[in-house]
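Take a moment to look over the protein shown here. Let us walk through it together, one feature at a time.

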Amino acid sequence: MPLDRPEELGTEEDHSKSTIYCIHCYRDGRFTDETMTLERMRDRVRAQLEMAHAGQDVIREAIDRLPQLSRWLGKTPPTGLSAGAVDEKSKR
């Protein structure tokens with residue numbers, strides 16, 4: 001999900017905004033569904049985009065991008081740090 005608006009951003013344990021996770025997936029420093037698999041997420045994204053009448057090219061692009069997201073790469077921010085702070089440190 002694009003994170004274009006502040007209300008779409010997930011929250012860290014300290015209630016600061018996450019810059020890499022959306023509110024649907026990440027709240028209070030935890031994933032909302034810790035058992036979510038990549039395959040289930042693909043199904044969920046497909047269903048949501050089909051309900052929004054997105055084109056097949058948009059759906060395919062969204063699903064193809066999922067494996068590159070931090071969650072699926074295992075890059076969960078440490079508790080107490082905002083994702084932005086973690087991302088900035090990793091760029092150095």
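**Aromatic rings and their surroundings**

The structure holds 3 aromatic pairs. Rings of Phe, Tyr and Trp (its six-membered ring) pair if their centres lie within 6.5 Å; planes under 30 degrees apart count as stacked, over 60 as edge-to-face, and the rest as tilted. In the pair of Tyr21 and Tyr26, the ring centres are 4.6 Å apart and the planes stand at 35°, so this pair is tilted. Tyr26 also pairs with Phe31, this time edge-to-face, with 5.3 Å from centre to centre and 65° between the planes. Ring pairs link Tyr21, Tyr26 and Phe31 into a cluster.

Before we go further, a word on where these values come from: this is a predicted model, in which local features need pLDDT of at least 70 and side-chain atom pairs count only at pLDDT 80 or more, while totals for chains, interfaces and linings use all residues. Residues are numbered from 1 along each chain as its sequence is written, and side-chain values use heavy atoms, with hydrogens and water left out.

Tyr21 counts as buried at 4% relative accessibility, Tyr26 is buried with a relative accessible area of 1%, and Phe31 counts as buried at 15%.

Now step back to the whole chain. The protein's secondary structure comes to 4 helices and 4 strands. Here helices (H or I, at least four residues) and strands (E, at least two) are DSSP runs, numbered from the N terminus. Along the sequence they follow the pattern β-β-β-β-α-α-α-α. Of the 92 residues in the protein, 24% are buried. The protein exposes about 6400 Å², and carbon and sulfur atoms supply 52% of that area; accessible areas come from the Shrake-Rupley method with a 1.4 Å probe, and for residues only the protein chains shown count as cover.

Let us follow the strands next. Strand β1 (residues 9-11) and strand β2 (residues 17-22) run antiparallel and are joined by 2 bridges; two strands pair if DSSP finds at least two bridges between them. Thr11 stands opposite Lys17 in β2. Together β1 and β2 form a hairpin with 5 residues between them, and His15 in the turn has a positive phi of about 75°.

Which other residues have a positive phi? One of them is Asp28, with phi near 55°, a positive value in a residue other than glycine. Asp28 lies in the loop between β3 (26-27) and β4 (30-31), and at 41% relative accessibility it counts as partly exposed. Another is His53, whose phi is near 60°. His53 sits in the loop between α1 and α2 (56-65) and is exposed, with a relative accessible area of 72%.

Charged side chains come next. A salt bridge is a side-chain nitrogen of Lys or Arg within 4 Å of a carboxyl oxygen of Asp or Glu, and by this rule the count comes to 5. One of them joins Glu7 to Arg5, with the closest N and O atoms 2.8 Å apart. Arg5 is partly exposed, at a relative accessible area of 46%, and a network of salt bridges links Arg5, Glu7 and Glu8.

Arg30 and Glu34 also meet through their side chains in a salt bridge, at 2.8 Å from N to O. Arg30 is exposed at 51% relative accessible area, and Glu34 is exposed at 52%. In a further salt bridge, between Glu39 and Arg42, the closest N and O atoms are 3.3 Å apart. These two residues are 3 apart in helix α1 (residues 38-51), so about one helical turn separates Glu39 from Arg42. Glu39 is partly exposed at 47%, and Arg42 is partly exposed at 24%.

Finally, how confident is the predictor? The mean pLDDT (the predictor's confidence in each residue, from 0 to 100) is 82 for the protein, and 78% of its residues reach 70 or more. Over residues 78-92 the pLDDT is below 50, and beyond near neighbours in sequence this stretch has 19 contacts in the model, where contact means heavy atoms within 4.5 Å. Where pLDDT is low, the predicted coordinates should not be read in detail.

Conventions
Buried < 20%, exposed > 50% of the residue type's maximum accessible area, 1.4 Å probe, protein only.
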